[in-house]
Amino acid sequence: MQVTNFSRFISLRPLRLSFSVAATAMDRDASCSLVLCGKSSVETDTAKRLKNNDVLKLTDNTQVSLFIDSEMKSLVKDDDSFNLSLFMNSISTDRFGRFLIWSPRLSSTHDVVSHNFSELPVGSVCVTDIQLKGRGRTKNVWESPKGCLMYSFTVEMEDGRIVPLIQYVVSLAVTEAVKDVCHKKGLPYIDVKIKWPNDLYLNGLKVGGILCTSTYRSRKFHVCVGVGLNVDNKQPTTCLNAVLEDMSPASNLLKREEILGAFFHKFEKFFDLFMDQGFNSLEELYYKKWLHSEQRVIVEEKIEDRVVQNIVTIQGLTSSGYLLAIGDDNQMYELHPDGNSFDFFKGLVRRKI
């Protein structure tokens, strides 16, 4: 079997997307419009209360203007803006995605939900058309233009031992959502894959990523999940619809609203399984979607003044969410990033288990 050195050909650099000078000007605008939308009268009442009390704030003291979705005519909307009605008509969940915040442009959807977590119903989602300061791990920041599905939502958990695994549940839900929408629309199936721990790939190119952060308050973990998925922007690599068009030219392509609705349907189902039965209930499907089964990787270890390379084969995930691997000596190892490298697969450290 061929041995692959992941540190040479796989990069976890964030998807850096260019955008117009006009968007740069927006970044200097110290104001922001947020539109609040609910699935039912319960969520609509929440939207009205939040607007009347003017409680939603941003971390950088940006002036926030709040609108109910019925007031959206007062906002300038493009034809390709996120369609709130289409999204709300597409979801049938009990908790997740039923309360939505939309903005034509934001510095970061993640900042909106994390800074206002206690004010929002659990499962609330924030969506934007243009994101000026998207966040990644290790504080990476980049810009994302129209055509990308960019959203963040809230989750509440009690067991801190399983919080790190939520990113795998989210990754799986995204891949299954794309599959589900393709099936419903009679489109060719595009196989979005998971690159551990939190990236999404299509045909060898990155098309998305996931960021999860958490804080502990009142004996619960407040988890904020951020997702970016390139649906309809071909730069700088590729997007879902570009791959679909190459497979079967058609006008009935994927819409961001449909994918987001399908995502929450899948995520709510997977999340309940995860909480009731653990990640074991999802592992088989997850391994079908990730890129690493039976991958042989090189682990570098420093022994005194020498760097020793050892070859191990990835078997899956450990209970704590790290890579489970087996050495040529049949010893099982848990692989950890060394914390010094941008690429998770460069500088892996192994621990016997």
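Which strand holds the place of lysine 193? Its place is in strand β7, residues 193-195. The views below look at that spot and a few others, all in a predicted model.

View 1. The protein chain has nine helices and 15 strands. Of its 353 residues, 52% are buried. Take the contacts between residues at least 6 apart in sequence: 65% of them join residues at least 24 apart.

View 2. Back in strand β7, the side chain of lysine 193 makes a polar contact with the side chain of aspartate 191, at 3.4 Å. If you skip the neighbours within four places in sequence, lysine 193 is in contact with Asp199, Leu200 and Tyr201, and also with Lys288, Lys289 and Leu291.

**View 3. Now for a cis peptide bond and a histidine.** Tryptophan 196 and proline 197 are joined by a cis peptide bond, with omega at about 0 degrees. Proline 197 sits in the loop between β7 and β8 (199-202). What does the side chain of histidine 292 reach? It reaches the backbone nitrogen of tryptophan 196, at 2.9 Å. Histidine 292 itself belongs to the loop between α9 (280-289) and β11 (296-303). Is histidine 292 buried or exposed? With a relative accessibility of 0%, histidine 292 falls under the 20% cut-off, so it counts as buried.

**View 4. Strand β1 has a partner strand on each of two pairings.** Strand β1 covers residues 31-38, and six of its eight residues are buried. Six bridges link β1 to strand β2 (residues 63-68), and these two run parallel. Follow the chain from β1 through helix α3 (residues 41-53) to β2 and you have traced a right-handed β-α-β unit. β1 also pairs with strand β3 (residues 99-106): this time there are four bridges, and the strands run antiparallel. Look for glycine 38, which stands opposite phenylalanine 99 in β3.

**View 5. This one peeks into the largest nonpolar core.** The largest nonpolar core has 75 residues, and the ones touching the most other members are Phe153, Leu240, Leu254, Phe263 and Phe267. Helix α6 (residues 166-184) gives the most to this core, with 11 residues. Apart from it lies another core, made of 19 residues, including Leu50, Leu56, Leu58 and Cys126. In soluble globular proteins, nonpolar side chains tend to be buried together. Zoom in on phenylalanine 153: beyond its neighbours within four places in sequence, its contacts include Phe96, Val170, Val223, Phe263 and Phe267. Ser124 and Cys224 are also among them.

View 6. Serine 218 isn't a glycine, yet it has a positive phi of about 55 degrees. You'll find serine 218 in the loop between β9 (205-217) and β10 (220-230). At 67% relative accessibility it is over the 50% cut-off, so serine 218 counts as exposed. Glutamate 294 isn't a glycine either, and it has a positive phi of about 60 degrees. Glutamate 294 is in the loop between α9 and β11. Its relative accessibility is 42%, so glutamate 294 counts as partly exposed.

Notes. Residues numbered from 1 in each chain as written. Predicted model: local features only at pLDDT ≥ 70, side-chain atom pairs only at ≥ 80, totals over all residues. Heavy atoms only, no water. Core = buried A, V, L, I, M, F, W, Y, C linked by side-chain atoms within 4.5 Å. Buried < 20%, exposed > 50% of the residue type's maximum accessible area, 1.4 Å probe, protein only. Contact = heavy atoms within 4.5 Å. Polar contact = N/O pair within 3.5 Å; in protein donor to acceptor, adjacent residues only side chain to side chain. Pairing = 2+ DSSP bridges. Right-handed = clockwise from strand over helix to strand, strands pointing away.
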